[in-house]
Amino acid sequence: MMWIWGSTAFPFTSLREEALWREETWRLDLLVDGIDPTVLTWIKEEKYIFLYGGDDIEWIRRFVNSARSVASASRIPLEMVYVGKSNKREQVKKVTGIINAEKLSYAWQDQAMVWFFWSRLESMLFSKIQLGRGDDQDPMLQQIKKLLSYGREGGWAVLSRGSNIAVNGHSSTVLPALGGYEEWKINVAEQGFDGAFKEYHDKLHDAAHPCCRFEFPNTIRIPENMRCPECPRLMEKYTAFLCCHDEQGIPGSLF
């Protein structure tokens, strides 16, 4: 509760936790609150924002260039911020350095910011599980699970206009959706850039679901089962041993 809401969560009871979740919506403020004032300023200015991550620098180059090209063609104010991924800290540092050198986009320089972003997201998942929220009855939980899974496997991007999140997508669908701009640009005038992009992206998403994976430390209550956020199936459960060869890792982190 401290990770997610800070002192607002006082007195840190389950009743308070339930009340805070009832007030929440799936929005960009929730993801970046207390982490980066720059992004919060973009939100207040109602700009279009791509929050993105991953460790494949070639995909990042294609994604950033495609997003800028589409934004220019649509004449919209677009900002982008690279927030790393939930593991591979050394690789994230290298990617951040390349993004800076090539001036691809804004990127979080402090690795503590990256760690805090993913730790807050993990805390949201743990909180929902602890409260016993049913997977099929909680759309926000599905989005949290998607983003955590995308952060583990490949690249991803979240598109918002101001605080309103339109798309939470995997690399396998976000880049093709941008590449299909000629097909959906006709809908921008009527639906807005975010609405037209979402409609086209969702069609691609329905045809190609990326695999989803979650790993839990044995220090928390592991759910008996979980539904995949990409499809309604129950996920298979495995026991895993993990070493990321990272002496700078944060003890107790999910990833």
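Strand 1, helix 5 (residues 57–74) and strand 2 form a right-handed β-α-β unit. Right-handed here means that, with the strands pointing away from the viewer, the path from the first strand over the helix to the second runs clockwise; helices (H or I, at least four residues) and strands (E, at least two) are DSSP runs, numbered from the N terminus. The model is predicted, with local features requiring pLDDT of at least 70 and side-chain atom pairs pLDDT 80 or more, whereas totals for chains, interfaces and linings use all residues. Residues are numbered from 1 along each chain as its sequence is written, and side-chain values use heavy atoms, leaving out hydrogens and water.

Strand 1 has partners on two strands, where pairing requires at least two DSSP bridges. With strand 2 (residues 78–82) it runs parallel, joined by 5 bridges; Ile49 is partnered with Glu79, and Tyr52 with Tyr82. With strand 4 (residues 156–161) the pairing of strand 1 is antiparallel, over 6 bridges, and Leu51 has Val158 as its bridge partner there. These pairings belong to an open sheet of 5 strands in the order 3-2-1-4-5, with mixed pairing. At its edges lie strand 3 (106–107) and strand 5 (164–170), each of which pairs on one side only. Helix 5 packs on this sheet, touching strand 1, strand 2 and strand 4 (contact: heavy atoms within 4.5 Å). The direction of helix 5 makes about 165 degrees with that of strand 2, axes being lines fitted to C-alpha atoms, for helices over the stretch in contact, and angles running from 0 to 180 degrees between N-to-C directions.

How many of the residues of strand 1 (residues 48–53) are buried? The count is 6 of 6, where buried denotes under 20% relative accessible area (1.4 Å probe, protein chains only). Tyr48, Phe50 and Tyr52 are buried on one side, and Ile49, Leu51 and Gly53 on the other.

In soluble globular proteins, nonpolar side chains tend to be buried together. A nonpolar core is a set of buried Ala, Val, Leu, Ile, Met, Phe, Trp, Tyr and Cys residues joined through side-chain atoms within 4.5 Å. The largest core has 40 residues, of which Leu31, Leu51, Trp108 and Phe117 touch the most other members. Its largest share, 9 residues, comes from helix 7. A second, separate core of 35 residues includes Met80, Ala157, Val188 and Phe197.

Conventions. Buried < 20%, exposed > 50% of the residue type's maximum accessible area, 1.4 Å probe, protein only.
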